[in-house]
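Reader: Hi! I'm new to this one, could you walk me through it?

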Amino acid sequence: MPKQHSNFSVNPKVDPNFRSGFIAVIGRPNAGKSTLLNALLGQKILIMSEKPQTTRNTIRCIVTEPGGQAVFLDTPGIHKPKDHLGAYMLTSALRAIEAVDVVLWVTDITSPWGPGDAYIAEALGSSSLPSLLALNKVDLLDKEETLVSHIETWSRRFPFKEIVPVSALQVKNTRSLMDALWKYLSPGPMYYPADDVTDQPERFIAAEIVREKLFALTREEIPYSVGVVVERMEEKVSLIKIEASIFVERPSQKGIVIGKEGALLKEVGQQARLELEGVLGSKVLLKLWVKVRKDWRNRLDMLRELGYDG
């Protein structure tokens, strides 16, 4: 039977033909976890970027099908922390493993085995949870023989229940992965309404979309110094007003984010607004401010304000 999870109110009568449970999605930074989950969900819920360490929180994503409900926990990429924010991200990822029924390890098939992989294997080593491996980015391989060799190599590294090659970006073989995961979930209740795809509030989603656009439009060093918090969100009859603050660590970074004559910040706002209108199904008025908070990634008060437990 599935583990009992807190903060849920479920019907104790369980349909023996309905499977449900919680799946932790783990892996090194930039393995494509969020892209894969968006593919499984059939829509974009999680922000994506080619830059590593995009995901900072553990986010629940919900896939409901006629025969079951799978609640995925998208976790931050496992990496050696360099500040309080990094330590929070690592703790968040490791805690997710303790509260699930299945582990889905996602790896970039083109990346060599490294210390991060060894750390994940060690963390899972003492667990009795069934673990599956998604070998992601197979579209980047040239030959089928290479894929077979990768599967054989990974099967020797860890006792996975199954190894499924996928391309999250091209939505290739994701159905096979979902079918494999269902086999390791037990009969259980429906934890969320059937039309829910995430448990995150709209404020969180709005802040993440703004942060994604900043990742895409700013220089290499800027994204990791940026935090976004929605200060106000007001829904009118046909308009949603959103006011958000963008935090950086140095005045020079503030200038970069704003851009010449405000051009970059304006572009961030335009791109975020268009995506938010699609997500929220309403016209959006988005106002952004850029504020300097020195060394915010090492300040516990700032981490809490931005939604990180610190």
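Reader: How much accessible surface does the protein chain have?
Author: About 15000 Å², and carbon and sulfur atoms hold 50% of that accessible surface. Keep in mind that this is a predicted model.

Reader: And what share of the residues is buried?
Author: Of the 310 residues in the protein chain, 51% count as buried.

Reader: How many helices and strands are there?
Author: The protein chain has nine helices and ten strands.

Reader: Let's pick a helix. Is α1 buried or exposed?
Author: Buried: nine of the nine residues of α1 (residues 33-41) are, so this helix is largely enclosed by the rest of the structure. Among them are Lys-33, Ser-34 and Leu-41.

Reader: What covers the buried residues of α1?
Author: The cover includes the strands β1, β2, β3, β4 and β5, along with helix α5 (174-182). Just after α1 comes Gly-42, with a positive phi of about 80°.

Reader: New topic: in what order do the strands of the open sheet with β9 run?
Author: The order is β8-β9-β10, with mixed pairing.

Reader: How many bridges join β9 to β10?
Author: Ten, and the two strands run parallel. Phe-247, for instance, stands opposite Lys-291 in β10.

Reader: Which helix lies across β8, β9 and β10?
Author: That is α6 (residues 202-217), running at about 130° to β8. Helix α7 (residues 251-258) also packs on the sheet, where α7 touches β9 and β10.

Key
Residues are numbered from 1 along each chain as its sequence is written. This is a predicted model: local features need pLDDT of at least 70, side-chain atom pairs count only at pLDDT 80 or more; totals for chains, interfaces and linings use all residues. Side-chain values use heavy atoms; hydrogens and water are left out. Buried means under 20% relative accessible area, exposed over 50%, partly exposed in between (1.4 Å probe, protein chains only). Helices (H or I, at least four residues) and strands (E, at least two) are DSSP runs, numbered from the N terminus. Contact means heavy atoms within 4.5 Å. Accessible areas come from the Shrake-Rupley method with a 1.4 Å probe; for residues, only the protein chains shown count as cover. Two strands pair if DSSP finds at least two bridges between them. Axes are lines fitted to C-alpha atoms, for helices over the stretch in contact, and angles run from 0 to 180 degrees between N-to-C directions.
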